[in-house]
Amino acid sequence: MFGKRPDGRLVKTHSGLYLLVPHIMPDRHDSMNMTEFYLDMDQLDEIVRIAKEETGVVYSYLEILVCIIQRILYLRPELNRFVVNKRIYQRNLIQYSMVVQRSLRPGAESNETSIKVNFEGTESLSQVKEKLDEVIKEAKGSLNDTDKLTTTLAKIPHFIMRFVVNMLKWLDKHGMLPRSVMDAEPFHTSFFITDLKSVKCTSIYHHVYDFGTTGLFFSTGMEKCQPYFKKGSDEVYYKRVMPVKFVSDERFCDGFYFARSLNEMLKMLKRPEELLKPLTPRPLTKEEEKIKRKEDKYQAKIKAKKEKAKLKAEKKANKANKKNK
């Protein structure tokens, strides 16, 4: 309330025009910009090859893309902003959301869930993979916070559901939505990726949600051969590429900033050795240091809570096994 939120801090130093833009385009669906770019498959394969030679680990294209995006959000922080209630906020964390299939078996129950991963923005490719593997394994092994939240909401009678959802939207609009709810659902996040290449589908222009704070949405598709002209000649050659469609909320930074950021992303593909090691953190401002201390304390509390719940579940399982014996 009054410009304060648990997931971000109010931006006051932006130009006057961009402080007016959210009033002109109050809804996220009203301010969507869409584009498509291509990732060079030879460059992606080269990163996979070099990483395998140096570490013995095989990385997926999705892991490489996530690594690049979380870095670009760290290096170009205006991308990690969002608009709520006609105000622009700088996000406290770099967060990534995606939908995970628990099983590819046809007819599997409760097959789909979503995950959310927190990044510092300085992680190496191996650290990104480690975080993703940990969260995906947890999501596939048991019900996560998202499942628990959706299961609870699903029990609400239909005629009350509209009131509950509108109440959640109102609380979010005024900065009063509990942090626990934000952490449990995927819509309050820096960026979302739908990896349609993994299910052999073409990429799509996915909308950015009006609920929550998602401002960047990426969609990968099946690879294809794209024709290019050789520089300075009429000769055509073909290159294997992976199409990535990108939808953004244009209200929190200008088009030139977006364009430069996309170009920087593509340049990172040409420097695979840099992705294999962590970035050197930049100096934090006093405000950022304060936020980081608060966030570290909060994450430690959440981790301790999860460990306690895990031990409790293990004791319960052991007790049940003894009883069955």
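**Pockets and core**

Q: Which residues lie nearest the centre of the largest pocket?
A: Glu138, Asp145, Ile302, Lys303 and Lys306 lie nearest its centre, among the 41 residues that line the largest pocket. On a 1 Å grid over the protein atoms alone, a pocket is an open set of points where a 1.4 Å probe fits, with protein on both sides within 12 Å along at least five of seven lines, and lining residues have an atom within 4 Å of a point. This is a predicted model, in which local features need pLDDT of at least 70, side-chain atom pairs count only at pLDDT 80 or more, and totals for chains, interfaces and linings use all residues. Residues are numbered from 1 along each chain as its sequence is written, and side-chain values use heavy atoms, without hydrogens and water.

Q: Which element gives the largest share of that lining?
A: H10 does, with 14 residues of the lining of the largest pocket. Helices are DSSP runs of H or I, at least four residues long, numbered from the N terminus.

Q: And what about the second largest pocket, which residues are closest to its centre?
A: They are Arg9, Arg91, Asn92, Glu288 and Ile291, out of 38 lining residues. H10 again gives the most to this lining, here with nine residues.

Q: Changing topic, which residues touch the most other members of the largest nonpolar core?
A: Tyr96, Phe191 and Phe218 do, in a core of 51 residues. Such a core is a set of buried (under 20% relative accessible area, 1.4 Å probe, protein chains only) Ala, Val, Leu, Ile, Met, Phe, Trp, Tyr and Cys residues joined through side-chain atoms within 4.5 Å.

How values were computed:
Buried < 20%, exposed > 50% of the residue type's maximum accessible area, 1.4 Å probe, protein only. Helix = DSSP H or I, 4+ residues; strand = E, 2+ residues; numbered from the N terminus.
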